[in-house]
Amino acid sequence: MASAASLDLGRLVQEAEALASAVRGALGPRGGQVLMTRPTGETLLTRDGRRVLEALNLGPPTARMMVACVSSHHSMTGDGAKTFIILLSKLLRGLQAILDKREGSPFCEDIQRRERDQKHCHSLKQISQSLMTFQTHILDHIMAQDLRKHFLSAFSSWEGEISRDTMESILEAYFCGRIGNSHQKLLSQLSCDFYYRCIPFKNGKNEMLDLVNEYFLELHSAVTGLPVSNSRILEGLVLHRDFAVYCPADGDIRMLIVTESIDSALSASGLEFVVNAEVQYQASQVWITKRTEAIMKHLQNNNIKVLLSSVKQQEIVIYYAKISGISIVECLSSEEISLLCKTTGISPFIPTQDNIRSEIAETMIAKFCRPLVLGSKRYVHLGLTRTCAFEPHCVIFCGPVHGVTEQHASAFHGAFKMLQQLFKAVDLSDGCEINDQQLKTSLAETEKQFIDSSSLVDENPSCNQTDLQKSSDLAMPIVELESDFMFSALIDRGSSVRELQKLPLKCKHPSEMWVKNKSEPVVNNHRICNDAMTAIETTSTSVVSKQLNAAKEYWKPGNHIVPFKYEKSYKHTVQSYTNLVIQAGSVLSVGGNFEILLHYYLHSYAKQCQQPKLTVISTVIADALLSIPKILYRTTKENSFTQVYFKATSALQTNQQLPMHQQGLESVYCKYQLVASVLHCLTKLLTIDLIIGIKRPPQKTEVNDSEEDL
Amino acid sequence: MSRTEAKKPSLCTNDPLTKERVSFSLSVLSGIVKSCYGPTGRLKQLHNGMGGYVRTTSQSSALLGGLSITHPVLKVLTASVQNHISRFSDCGLFTAILCCSLVENFQRINFAACTVTKISRHLLSLCTDYLKSEACGCRISVDFDNIKTLLSLVHSILASKPACMLNKTEANHLSTLVLRAFLLTIPHTIETNVVLGTCVIVPVKDKRVMDSTVFPGLLIEIPEFQLARTFPVKRVSSSTIKMALFCISMSGDLSNTGEGTVIVHHGISLEVAVLDQLLNLGKQLVNDQVGLVVCQKVIHPSLKQYLKEHHVITIDRVGVSMMEPLSKMTGSQPIAALHSVSPTCYGSLKDLRTESFVSKHFLHLIPNDTLVCSLILCNRSEMAWDELKLACQTAEHVLQLTIKQPLALLGGGCTETHLASYIRHKSFTLPTNVLKAIDCSRTQYQLVADAFCRSLECVACCLEHDDGEILTDMVYGHSWSIQSGFPCDCNWSDLVLKCGCGIYNNQQNLNWTVLRSQCIPFAPQSCSNEPSINSTDHLILDCFTAKYSGLQVAVETANLILDLSYIVEDQN
């Protein structure tokens, strides 16, 4: 008999909170390690939230679903598992509080008509719908409109180069969360080195990161029993096999890949070999040997020094290889073979009757090929010459126990996943062209007015002062407007006619800016405006690039009047030229800044939102977000959470840049993805109304399983 | 349909280090390793209640391998020590003791884990920088022209394994043998990358330790009946015997016939065809004047008989482990073909003899160029032999490590006490900007440094098991031990003879204090170029590479354990 139970929000809250408590101790730079034992008895050290959650072996189906959501998020971004579950638990708690209050809640309007259970279910469904609306419409919008101006760019130039300092601070912040402060410095140096040594030219970074992430298993080796400080990067590739034959060779070494046995057998599958006489048998044996010898001689004549084989070769092949001075590495995994093929662009050699006479084309050149002893294992060290966007290098992780090297390797892999995310951009989804009848809120109207005003600016620069004054009457908070116009003023060199000093700006040197605007020739008349205009931006890419260049030129002289001054010279992004919510390479400083910012802007959105459901949802999300900085600052003495929060909000109100407490940067895209994934997971959880226990194993199309392809 | 079983939920423990269970098992483990340390260490007997083999040992590798540890925290500790041993063979107990006492001492001061981690990592870097620097006062460089230092190194290792049951002359004899065996594996010609040869240990368990000896070349055990028919051997010249080494089976079985089917007509015997080939091969070998045929696998009796008739000695079933030394020693290439054998694959031997030990008979292959040697290791009891073999392997490994990095550390606890006094001195004179970088106060730093030094000194104290006292001097920071039962009113200088490593004799001006008592920090002096150095006797030395790495591994593991905030145990 199948047992069924309706979805209980209280239970969900309990489960999520239990999960969160398991990882809370490992969150942030001051968190500790988690020691896990496997059923096989081996121990593993980790601070990886996903690993911990998966190791818990939970029973309840909803809890399993949460863990599945965490896993899929983590495998995509390489980060954020702990934050995910903490945020989820807080959100559930917040929603429960709303439902418990019941009166005045927008989700419990028509309760009289229905039974209790049904109405409960109904309100959950409504919440889930509003969450969906929030995720698709409001989140992107707020990111684009409000948060974007706080983002920094990781790129030091407009071609997408990333300076070593910035890279280090991004990686350091990442490793801080993943492995704690014991070896984060070493690992961030290591991964930074690895990045710069593997990347041969500027534009190849995406290709290189894809390759590193796909073949990470082949690109690293672990040695236990040595101190962590012995970890290093090696030039070239390390194949996790020993030489079957090793013949030392100097200079450029020609190598060949084979995927089948060179020695042919007496019969092949599907064929019959008929022995008529003993002499015939002997002769055929001799012929096989001679053939193998001929192939090896042919390879030797073609100056092949190393044979890389994916299968085990016969002893006879090894014997002739030794005579011909050819080294052989056998039993390579298919991944290793495909990595070799990808980096060198060659395909495996198949000896046939025809080609053992002709020249061999598919060879690769190595600078060296020698045995390498790592710990107690002997490997093959190949110094390949590059032919693609990846300069072959590999990492050796050392540590006292396997658990440590494993942890470092997975954190290192995660770092490269994170970098992959960092270079991604988010397009403004089409849903954001707020035309939904649902969203006829004041916000949309504000935007329209705003668009009008800015188009006025564009058409008639001489009279923009009055327009600006008009626009300051709009429903938008005055603070934001100020910052918006400050930006447009900074960038908009073309419309130098503007009488900027009359604007209600808190700019430090308005007069100087004025002078600058005047003194420089008018290069570009295109309007480059900061925010909110993204939705209506229609300029083509070529124009965009021109604008970019103009802005870049302007940026240098005008740098010191930027009101948002940074301790380091991270350049402030001016991202208004394309339809992007988050530009590639956007970063924020660590320490809960993203959460505080989003919290702040969600709150201010909620205040002026006229849809009661969305107001409530926004408030719940905004409050849940604060739980992350709360945990981060729980143990520090000089910076308690209340102080940090107060400083941040007062800075935002007076339109200053957020104070930075810690060095280090984190990818905005990862954070954005995290919030989106959590909301998605929450929506999925709340749409379930009945949990049915069944006796036979579930089919593939079962609800819980479908979470895998989130 | 697959059988699915519900998984049991995992067991979670919060703040594991505060739990009784952990601290108890940690103290048991630390008690075991501490009592084993040093030449006077206590032996442990490992057995299981079901009977069977009993092992008496005091070596970390045998001990930790034998213990079955269930608690995950201890598993981490022992795994890291075992991994250290598998890399360096030596200093396993040192690492284990240091790690245990670091955990205990750091727990006692009860700071936040990340503060302790940061400070102890800084302290570790002070230690490693000091040990690496030229100014280091507790290391000496090993001179390969002078056998004495190397001999001291080997002797210290053998002497610190009491379960080998060696007396003084036996220890000296074995140290010489191990060193001689090692020197035989060093190639004569100098190339760019030197590859050391191998030393094969041959067990003979019914003779005295003093009967152990070293032979250049390989000893291959042969049955007695074969011994009679081995001679005379065919020689190319008076000092050259040609030899062929086969790595394939010569038993006359059919080779790989592929995935398809092979149809054999009636009356045709493939076995005969193969045997025919084998005999042809034999003919070629005889024509090529081969005097010795060695096969990794089995040789067909007919071929053996044929070769014997032509005065060719055959040895088969030598196994894969002997192939590498054989081919290295004789210069022969393992042959994998049964026809058209290239004459370039043959190797050569200088001489071939027979040797007998008790009931065992060996064929002694003497090469032209010694790269391979055999150490016949004798000991009366099986248990002591196992322990002795392990000790000899450790010594050989240490010598290999030392040739890579020709340095040695002073043993007998002197390195530990010297390092502790150096760290004490450094931590008192630490500049403030360093403290700022670590983000801690000076008091915090000094408390952690004190715990660190006490852990180091604890290792030195573990050398004393008979209620004696360990002293340290205020000049060199070496450790001095005095026996128990000393009168309390007498002067320390009347009681001490030599420091732990044996480098200093009793001098008047050294200010002795009891180790672990509070003393004023001082900068310990270096031992090099001092007139007072005792140059006649053996010194007690430790392997530099092993101890250097062991120190780092111990601190890292201790930090790891202290940083644990949660344990998830899978119960499946």
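Modeller: Let us begin with the polar contact, which is a pair of N or O atoms within 3.5 Å, where, within protein, one atom must be able to donate a hydrogen and the other to accept it. Please keep in mind throughout that this is a predicted model. As a case, the side chain of B:Thr429 reaches the backbone oxygen of B:His425 at 3.2 Å.

Biologist: Where in chain B is B:Thr429 found?

Modeller: B:Thr429 lies in the loop between α13 (414-428) and α14 (432-438) of chain B.

Biologist: Turning to the two chains, how many residues of chain B are in contact with chain A?

Modeller: Contact here means heavy atoms within 4.5 Å. On that reading, 70 residues of chain B are in contact with 64 residues of chain A, and the area buried between the two chains is about 5,500 Å², with carbon and sulfur atoms giving 56% of that area.

Biologist: How many salt bridges are counted between chain B and chain A, and which side chains meet?

Modeller: A salt bridge needs a side-chain nitrogen of Lys or Arg within 4 Å of a carboxyl oxygen of Asp or Glu. Between chain B and chain A the count is 1 salt bridge, in which the side chains of B:Lys297 and A:Glu315 meet at 3.6 Å, N to O. Polar contacts between these chains come to 25 residue pairs, both residues being at pLDDT 80 or more.

Biologist: Which element gives the largest share of the side of chain B that touches chain A?

Modeller: The largest share, 10 residues, comes from α3(B), and the residues on that side of chain B divide into 32 nonpolar, 24 polar and 14 charged.

Biologist: What is the order of the strands in the open sheet?

Modeller: The open sheet has 4 strands in the order β3(A)-β2(A)-β21(B)-β1(B), with mixed pairing. Its edge strands, each pairing on one side only, are β3 (43-46) of chain A and β1 (11-14) of chain B, and the twist averages 20° from one strand to the next. Within β21(B), B:Ile567 is the bridge partner of A:Leu35, and B:Thr13 stands opposite B:Ile567.

Key: Residues numbered from 1 in each chain as written. Chains lettered and ligands numbered in written order. Heavy atoms only, no water. Buried area = accessible area lost by both parts, 1.4 Å probe. Helix = DSSP H or I, 4+ residues; strand = E, 2+ residues; numbered from the N terminus. Nonpolar A, V, L, I, M, F, W, Y, C, P; charged D, E, K, R; others polar. Pairing = 2+ DSSP bridges. Axes fitted to C-alpha atoms, helices over the stretch in contact; angles between N-to-C directions.
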